[in-house]
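Here's a quick walk through one protein chain, feature by feature. Keep the structure open while you read.

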Amino acid sequence: MRSGRAAMLPKSSVKNDSMTSIVMLMVSLFACSYIAGRLWQDAEIRSQLIAIDPRISRQARDPISVDESLRLIQCKEQQKKLADTELELAAAKSQGYKPINKTLFQDHKLVVIGIFTSFSGQSRRASSRKSWIPNGPALKELESNKGIIIRYVIGRSSNRGDILDRQIDQENKETDDFLILENYVESDDNLTLKSKTFFSKVVNTWNADFYVKMDDNVGLSIDMVGSMLSSHLDKPRVYVGCMKSGTVVNDPNAQWYEPDWWKFGDEKSEYHRHAAGQVYGLSRSLAQYISINSAYLKEYKNEDVAVGAWMLSLDTVHIDDRHLCCAPNTGGVCWLQ
């Protein structure tokens, strides 16, 4: 009976049913091909990732451990605390709160000059104060009128609080012209560390264009330094001084022996170009670089060599200013005019 009924259907209806079946079959085949292709592609990508980092395969098999779960929870808690803190800070600012930041809110200066001195340098300091460094109110006027800050730089005694420290504290009470590096133990054998500590300290204390390091047996013209540095304000990352080179000293008995001499080449190697240690200056961005990367900067035995090496890794403008050169073997005070 059914066959008879089917025979009674129009030919067009049978043809349409056949076409529909063919289309559905093609769609099914296309879908199967697409899914198979994606699965193959995903498997191929995963195999490539596993080849790069085998840990991916282990991570896929291993369930999340308790420690990992705790870390995720802790991370979410820290994110919530950070969001809450940001809301509290925004509310405080709306009520007139200002963060304490000396660098941002202090008057802008042209230069901070740090004169490296020692416990035995009292006579040299007294001579400098009589010859070229202003005293008392005149020192403050130099800071306010010309933007030039001058400080003697010294660390603390290895026997902290002993008579050496007390003498410096008393002298500073009378002159008010010291920058005491509380976290540095004063030593002539570690001037590289003293330089790192100095630049890190001053760049976070005073907002200046330049920071100058000099020795306490050097005298200079304040006006000359001010005008010289002002002429370089338009240059980025300035490293200025009496540029020199010279043979690397590999003799342990010599004065300027460098224990890491072999890193510069063979026994007759030359140092890279660097400023003489008697006096040199860095622009603010370079001092900030030293401050930020202090823990990772190589401390060569000779301070001027070390600072020059740090500058080599940066896009630094080296300025060879012969006004900052001391005559060799002059002894006593070197006057820079």
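A residue counts as buried when its relative accessible area is under 20%. Cysteine 242 has a relative accessible area of 9%, so cysteine 242 is buried. One thing to keep in mind throughout: this is a predicted model.

## The overall picture

The protein chain has 12 helices and 9 strands. Of its 337 residues, 36% are buried. If you look at contacts with a separation of 6 or more, 76% of them join residues 24 or more positions apart.

## The disulfide

Back to cysteine 242, then. What is its partner in the disulfide? Cysteine 325, with the two sulfur atoms sitting 2.0 Å apart. The structure holds 1 disulfide, and a disulfide is a covalent bond between the sulfur atoms of two cysteines.

The torsion about the S-S bond of cysteine 242 and cysteine 325 is about 100°, so this disulfide is right-handed. Cysteine 242 belongs to strand 6 (residues 238–244), while cysteine 325 is in the loop between strand 8 (317–320) and strand 9 (334–336), so the pair ties together parts 83 residues apart in sequence.

Helix 12 (residues 303–312) includes glutamate 303. Is glutamate 303 buried or exposed? Its relative accessible area is 8%, so glutamate 303 is buried. Not counting residues up to four places away in sequence, glutamate 303 touches Leu191, Thr192, Ser195, Lys213, Gly277 and Tyr280.

The largest nonpolar core has 33 residues, and Ile113, Ile150 and Leu336 are the ones touching the most other members. Helix 10 (residues 222–230) gives this core its largest share, 5 residues. Apart from it lies another core of 29 residues, including Phe116, Tyr239, Ala287 and Met311.

Leaving aside neighbours within four places in sequence, isoleucine 150 is in contact with Ile113, Ile115, Trp132, Ile133, Leu139, Leu142, Asp177 and Ile222.

## Helix 6 against helix 8

How do helix 6 (residues 122–131) and helix 8 (residues 163–175) lie against each other? Their axes come within 13 Å and cross at roughly 10°. An angle under 35 degrees counts as roughly parallel, so helix 6 is roughly parallel to helix 8.

On the helix 6 side, Gln122, Arg125 and Arg129 do the meeting, and on the helix 8 side it's Ile168, Glu171 and Thr175. Sorted by class, the contact between helix 6 and helix 8 has 1 nonpolar, 2 polar and 3 charged residues.

## A serine in a loop

Serine 118 sits in the loop between strand 1 (109–116) and helix 6. With a relative accessible area of 12%, serine 118 is buried.

Which residues does serine 118 touch, not counting those up to four places away in sequence? They are Arg124, Arg125, Ile154, Glu186, Asp188 and Asp216.

Key:
Residues are numbered from 1 along each chain as its sequence is written. This is a predicted model: local features need pLDDT of at least 70, side-chain atom pairs count only at pLDDT 80 or more; totals for chains, interfaces and linings use all residues. Side-chain values use heavy atoms; hydrogens and water are left out. Axes are lines fitted to C-alpha atoms, for helices over the stretch in contact, and angles run from 0 to 180 degrees between N-to-C directions. Helices (H or I, at least four residues) and strands (E, at least two) are DSSP runs, numbered from the N terminus. Angles under 35 degrees count as roughly parallel, over 145 as roughly antiparallel, 65 to 115 as roughly perpendicular and the rest as oblique. Contact means heavy atoms within 4.5 Å. Ala, Val, Leu, Ile, Met, Phe, Trp, Tyr, Cys and Pro count as nonpolar, Asp, Glu, Lys and Arg as charged, and the others, Gly among them, as polar. A disulfide is a pair of cysteine sulfur atoms within 2.5 Å. Buried means under 20% relative accessible area, exposed over 50%, partly exposed in between (1.4 Å probe, protein chains only). A nonpolar core is a set of buried Ala, Val, Leu, Ile, Met, Phe, Trp, Tyr and Cys residues joined through side-chain atoms within 4.5 Å.
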